[in-house]
Amino acid sequence: MTTSELEVSGSSWDVSQFQHTPFYCEENVYLLCKELGTKGIADAQSSDLFVVFISNEKKQIPLWHQKASSRADGIVLWDYHVICIQRKGRGDSPSPHLVWDLDSSLPFPCPLARYVSETIRPDFQTFSEFQRYFRIVHAPVFLRCFASDRRHMKDSVGNWLHQPPLYQPIVAEDGTLHNLNDYFDIRATDAVTGTGADMTNEVFTKKLGVVITESQLEEFFSQIL
């Protein structure tokens, strides 16, 4: 399918034309990064894309405007969630960075500032155990290194908690079969301080990227070149 064959509504793309399996957000984003490059929406090598894992030590993160919610405000308390953020050009009239969240009811994609304001809602007072942390990994690194055999979706006797995708599990280029936990296990102590050049450089090289707080998210992307 070419970009021209995608259905477009204003500045939004038709989310139904991207692969999506409920409760497998990490695999959905893995495939999304590949599709955005293949369809010409992102750089062919996914160099303008970043995979973002959202979680905390308690595995309880509130996010609004989620399709899985039964509430009017769309709030869901996820154990973790994964989105894609696309860095846009910075020229004389730079476009806003974009969030691609296949589980969101907001526009697809959504400008980063709006996504932060309406989905993360940093101004909403929550208990400290609901503080969200963000592991940011450069998409090309993630596509090479990520692996999941879906063990986290089975109960103690091996039954599926949620039906898996029909395609085969994702294996890393080095043959690793499962490292998903390394990505979504996020602690407050993992978060770096500041958003200087050293930290933004690390996101392009480290397998697990860098971890930042919700207050650093927009500033971090404003500094990425």
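Tryptophan 78 is found in strand 5. Strands (E, at least two residues) and helices (H or I, at least four) are DSSP runs, numbered from the N terminus. The model is predicted: local features need pLDDT of at least 70, side-chain atom pairs count only at pLDDT 80 or more, and totals for chains, interfaces and linings use all residues. Residues are numbered from 1 along each chain as its sequence is written, and side-chain values use heavy atoms, with hydrogens and water left out.

Tryptophan 78 counts as buried because its relative accessibility is 14%. Buried means under 20% relative accessible area (1.4 Å probe, protein chains only). Its C-alpha atom is separated by 6.4 Å from that of proline 62, 16 residues apart along the chain. Leaving aside neighbours within four places in sequence, tryptophan 78 is in contact with Phe23, Lys59, Gln60, Ile61, Leu63, Gln66 and Ala68. Contact means heavy atoms within 4.5 Å.

Trp78 also lines the largest pocket, where Phe23, Trp78, Asp79, Tyr80 and Met153 lie nearest the centre. A pocket is an open set of points on a 1 Å grid over the protein atoms alone, where a 1.4 Å probe fits, with protein on both sides within 12 Å along at least five of seven lines; lining residues have an atom within 4 Å of a point. The volume is about 220 Å³, taken as the space filled by probe spheres set on the points. The lining has 14 residues: eight nonpolar, four polar and two charged.

**Nonpolar cores**

A nonpolar core is a set of buried Ala, Val, Leu, Ile, Met, Phe, Trp, Tyr and Cys residues joined through side-chain atoms within 4.5 Å.

| Core | Size | Residues named |
|---|---|---|
| Largest | 34 residues | Leu36 and Phe53, with the most contacts inside it |
| Another, apart from it | 26 residues | among them Val52, Ile61, Ile212 and Leu217 |

Leucine 36 touches Phe18, Ile41, Ala42, Leu49, Cys84 and Trp100, not counting residues up to four places away in sequence.

**Helix 2**

In helix 2 (residues 112-120), Leu112, Tyr115, Val116, Thr119 and Ile120 are buried. They lie on the same side of helix 2 because they cover an arc of only 105° around the axis. The arc is that of the directions from the helix axis to the C-beta atoms. Their cover includes strand 6 (81-86), strand 9 (133-138) and helix 6 (217-223). Arginine 121 follows helix 2, with a positive phi near 50°.

Methods:
Nonpolar A, V, L, I, M, F, W, Y, C, P; charged D, E, K, R; others polar. Buried < 20%, exposed > 50% of the residue type's maximum accessible area, 1.4 Å probe, protein only.
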